[in-house]
Amino acid sequence: EHKNQAAPPPVDTATMTPALPAKERKLIDFRDKVYIAPLTTVGNLPFRRIMKQYGADITCGEMALAEQLLKGQASEWALLKRHPSEDCFGVQIAAGHADQFTRLAEVLANEESIEVDFLDMNLGCPLDLICNKGAGACLMLREKKLRASLEGMLKVLNCPVTIKMRTGWNEKEPIAHHLQRNIQKWNIDGVGAFMLHGRSRLQRYSRSANWDYITEVGCSQSSEFNNIPLIGNGDIFSYADYEEKILRNVEKSVEDGGVNNLIPCAMLGRGALIKPWLPTEIKERRNWDISATERLDMLKDFTRFGLEQWGSDQQGVNRTRRFLLEWLSFLHRYVPVGMLEVVPQQMNQRPPNNLCGRSDLETIMMSKNCADWIKLSEMVLGKVSDDFQFEPKHKANSYK
């Protein structure tokens with residue numbers, strides 16, 4: 001029942017009558033929730049099922065390109081698929097033009113098989129391939145297109161739209177505070193939240209996220225217009241990080257009677273990839289010294305979910321293995337709590353080379369050698385063929 005459904009055929013939206021919202025739009029309450037951010041490649045449906053098991057409240061599909069969805073691309077529509085366990089679920093869409101956003105919103109509003117609680121606009125993707133089309137972080141610089149996109153979508157969608165953005169194009173000239181106020185002034189009904197990653201487009205994922213600036217943005221909305229919740233994002237890797245970076249900043253007061261719109265929401269990205277049990281740690285306020293055996297059980301669950309999603313034939317096995325290996329390229333960065341001199345581990349802290357764990361399994365799980373990730377995949381999916389090759393998408397650490 002979890003296999004991919006066929007994508008809807010390409011839609012002639014020129015002749016389509018726009019659907020009007022049939023019911024009252026329900027905003028999502030992100031307060032005191034753990035939200036798993038959209039994660040390209042690794043944020044797939046089997047991974048999100050794992051995150052639900054560990055206590056995630058809200059999940060979102062991987063970034064999907066409006067251009068490909070409108071062409072009826074089956075692989076792109078698969079990114080919008082929701083599992084029944086995802087009780088609050090959003091889809092993230094990237095596009096560079098208002099007509100693409102609006103036409104896609106019309107398709108979603110009319111497509112009964114697609115059920116979403118919110119649509120997240122991507123204004124944060126730093127990749128050249130996306131930015132060169134005027135999408136992702138580039139859309140932050142094109143306010144007319146952004147406004148037309150929001151107005152077009154919210155005329156037809158029943159669900160709210162959230163806006164994921166970065167601090168700006170470069171570190172020295174942050175613009176998120178200006179952009180947020182301008183969106184506020186447009187007074188478009190249905191903008192559910194801003195989500196701010198505390199790095200610029202040119203920073204990508206280097207250096208630490210700027211939580212001082214995130215807090216500044218949270219305190220910078222105009223009191224003359226409706227306030228829009230702000231969710232901060234970047235480098236949350238433990239419950240201590242959540243308390244220091246979010247809870248402490250949420251409580252900061254604003255001068256002149258203004259409002260701090262930063263809300264207590266744990267939005268997790270890379271932290272969830274490296275430590276999928278992070279939602280449990282945050283909710284239970286503890287550092288979990290999870291065993292290697294428990295982590296292997298997690299990989300077995302992922303494998304089972306993958307074969308349900310992609311099929312148990314050879315093609316499905318291969319696909320499940322590749323997604324598992326992509327995930328292992330993050331999982332190996334975790335250093336077990338019981339082996340740390342200082343708890344908790346920081347996001348940029350990696351296991352030293354040739355570190356021995358408390359068991360052979362724990363040792364291999366910390367290996368940065370891709371050949372060892374292959375061995376872990378063989379424990380749950382059987383042997384690879386002699387000609388098998390793998391290279392993670394996010395860096396050149398390959399197995400040949």
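Pro-160 is buried, at a relative accessible area of 1% (buried means under 20% relative accessible area, exposed over 50% and partly exposed in between, with a 1.4 Å probe and protein chains only). Welcome to a predicted model, in which local features need pLDDT of at least 70, side-chain atom pairs count only at pLDDT 80 or more, and totals for chains, interfaces and linings use all residues. Residues are numbered from 1 along each chain as its sequence is written, and side-chain values use heavy atoms, leaving out hydrogens and water.

**Around Pro-160**
- Look for Pro-160 in the loop between helix H6 (143-154) and strand E5 (161-166); helices (H or I, at least four residues) and strands (E, at least two) are DSSP runs numbered from the N terminus.
- Leaving aside residues up to four places away in sequence, Pro-160 touches several residues, among them Arg-25, Leu-27, Asp-117, Phe-118 and Gly-190 (contact means heavy atoms within 4.5 Å).
- Val-191 is 31 residues from Pro-160 in sequence, yet their C-alpha atoms are 5.8 Å apart.

**Helix H9 and its buried side**
- In helix H9 (residues 239-250), the buried residues are Asp-241, Tyr-242, Lys-245, Ile-246 and Asn-249.
- They lie on the same side of H9 because they cover an arc of only 110 degrees around the axis, the arc being that of the directions from the helix axis to the C-beta atoms.
- Helix H8 (211-218), strand E8 (265-268) and helix H11 (278-284) are what these buried residues of H9 pack against.

**Where H1 meets H12**
- The axes of helix H1 (residues 45-53) and helix H12 (residues 292-310) come within 8 Å and cross at roughly 135 degrees; axes are lines fitted to C-alpha atoms, for helices over the stretch in contact, and angles run from 0 to 180 degrees between N-to-C directions.
- H1 is therefore oblique to H12 (under 35 degrees counts as roughly parallel, over 145 as roughly antiparallel, 65 to 115 as roughly perpendicular and the rest as oblique).
- Residues of H1 including Phe-47 and Ile-50 meet residues of H12 including Phe-302 and Trp-310.

**Backbone details in loops**
- Most residues other than glycine have a negative phi, and most peptide bonds are trans.
- The peptide bond from Val-343 to Pro-344 is cis, with omega near 0 degrees, and Pro-344 sits in the loop between helix H13 (314-331) and helix H14 (360-365).
- Asn-354, in the loop between H13 and H14, has a positive phi near 60 degrees and is exposed at 77% relative accessible area.
- Arg-285, in the loop between H11 and H12, has a positive phi near 50 degrees and is exposed at 51% relative accessibility.
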